[in-house]
Amino acid sequence: MKSTLRRALKPFGRLVVGEFFDRHQIRPSSLISLAEGAGLRIARLYGPPFAYYAVLRPIDA
């Protein structure tokens with residue numbers, strides 16, 4: 001999965017994820033772990049933990 005997400009982004013690109021409270025919700029702490037495993041980092045979180053947007057960027061950018 002790491003290479004797929006990294007290939008989709010330009011070197012200084014960004015991926016924005018929107019999460020809204022439902023039974024399949026991914027908490028911010030889990031998203032951080034998943035992002036790091038994919039070679040991404042959380043650049044910014046907007047909103048409360050149960051309904052947020054996260055901006056992810058490549059780790060080396």
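**Entry 1: I32**

I started with I32 and found I32 in helix α2. (Helices here are DSSP runs of H or I with at least four residues, strands are runs of E with at least two, and both are numbered from the N terminus.) The model is predicted: local features need pLDDT of at least 70 and side-chain atom pairs count only at pLDDT 80 or more, while totals for chains, interfaces and linings use all residues. Residues are numbered from 1 along each chain as its sequence is written, and side-chain values use heavy atoms, with hydrogens and water left out.

I32 has 34% relative accessibility and therefore counts as partly exposed. (Buried means under 20% relative accessible area, exposed means over 50%, and partly exposed lies in between, with a 1.4 Å probe and protein chains only.) I then checked I32 against I42: the two are ten residues apart in sequence, and their C-alpha atoms are 6.5 Å apart.

**Entry 2: the chain as a whole**

I listed the elements and got two helices and three strands. Their order from the N terminus is α-β-α-β-β. The chain has 61 residues, and 25% of them count as buried. I looked up the accessible surface as well, which comes to about 4500 Å² for the chain, with 59% of this belonging to carbon and sulfur atoms. (Accessible areas come from the Shrake-Rupley method with a 1.4 Å probe; for residues, only the protein chains shown count as cover.)

For contacts between residues at least 6 apart in sequence, I noted that 54% join residues at least 24 apart. (Contact means heavy atoms within 4.5 Å.)

**Entry 3: helix α2**

Which residues of helix α2 are buried? In α2, residues 28-37, I found P28, L31 and A35 buried. Seen down the axis of α2, these buried residues fall within an arc of 55°, so they line one face of the helix. (The arc is taken over the directions from the helix axis to the C-beta atoms.) An α-helix has 3.6 residues a turn, so residues three or four places apart point the same way.

On the other side of α2, I noted S29, L34, E36 and G37 as exposed. I then asked what covers the buried residues of α2. The cover includes β2 (40-46) and β3. After α2 comes G39, and I read a positive phi for G39, near 80°.

**Entry 4: L31**

L31 lies in helix α2, and L31 is buried, with a relative accessible area of 9%. Leaving aside neighbours within four places in sequence, I found L31 in contact with I26, I42, Y52 and A54. I also took the C-alpha distance from L31 to R41, which is 9.5 Å for two residues ten apart in sequence.

**Entry 5: E19**

Is E19 buried or exposed? E19 lies in strand β1, and at 11% relative accessibility E19 counts as buried. Apart from neighbours within four places in sequence, I found E19 in contact with Q25, I26, F50, A51 and Y52. E19 and F50 are 31 residues apart in sequence, and I read 7.4 Å between their C-alpha atoms.

**Entry 6: P58**

P58 lies in strand β3. I read a relative accessible area of 2% for P58, which makes P58 buried. P58 and F12 are 46 residues apart in sequence and 7.1 Å apart in space, C-alpha to C-alpha.

**Entry 7: the aromatic pair**

I searched for aromatic pairs and found one in the structure. (Rings of Phe, Tyr and Trp, the last with its six-membered ring, pair if their centres lie within 6.5 Å; planes under 30 degrees apart count as stacked, over 60 as edge-to-face and the rest as tilted.) The ring centres of F20 and Y53 lie 5.7 Å apart with the planes at 85°, so the pair is edge-to-face. F20 belongs to strand β1 (residues 15-20) and Y53 to strand β3 (residues 51-58), so the pair ties together parts that are 33 residues apart in sequence.

I checked how open the two partners are. F20 counts as partly exposed at 47% relative accessibility, and Y53 counts as partly exposed at 42%.

**Entry 8: the nonpolar patch**

Which residues form the nonpolar patch on the surface? I listed V16, F20, Y46 and Y53, with about 410 Å² of accessible area together. (Patches are made of residues with over 30% relative accessible area and no salt bridge; like charges are joined within 9 Å, and nonpolar side chains, meaning Val, Leu, Ile, Met, Phe, Trp and Tyr, within 5 Å. A salt bridge is a side-chain nitrogen of Lys or Arg within 4 Å of a carboxyl oxygen of Asp or Glu.)
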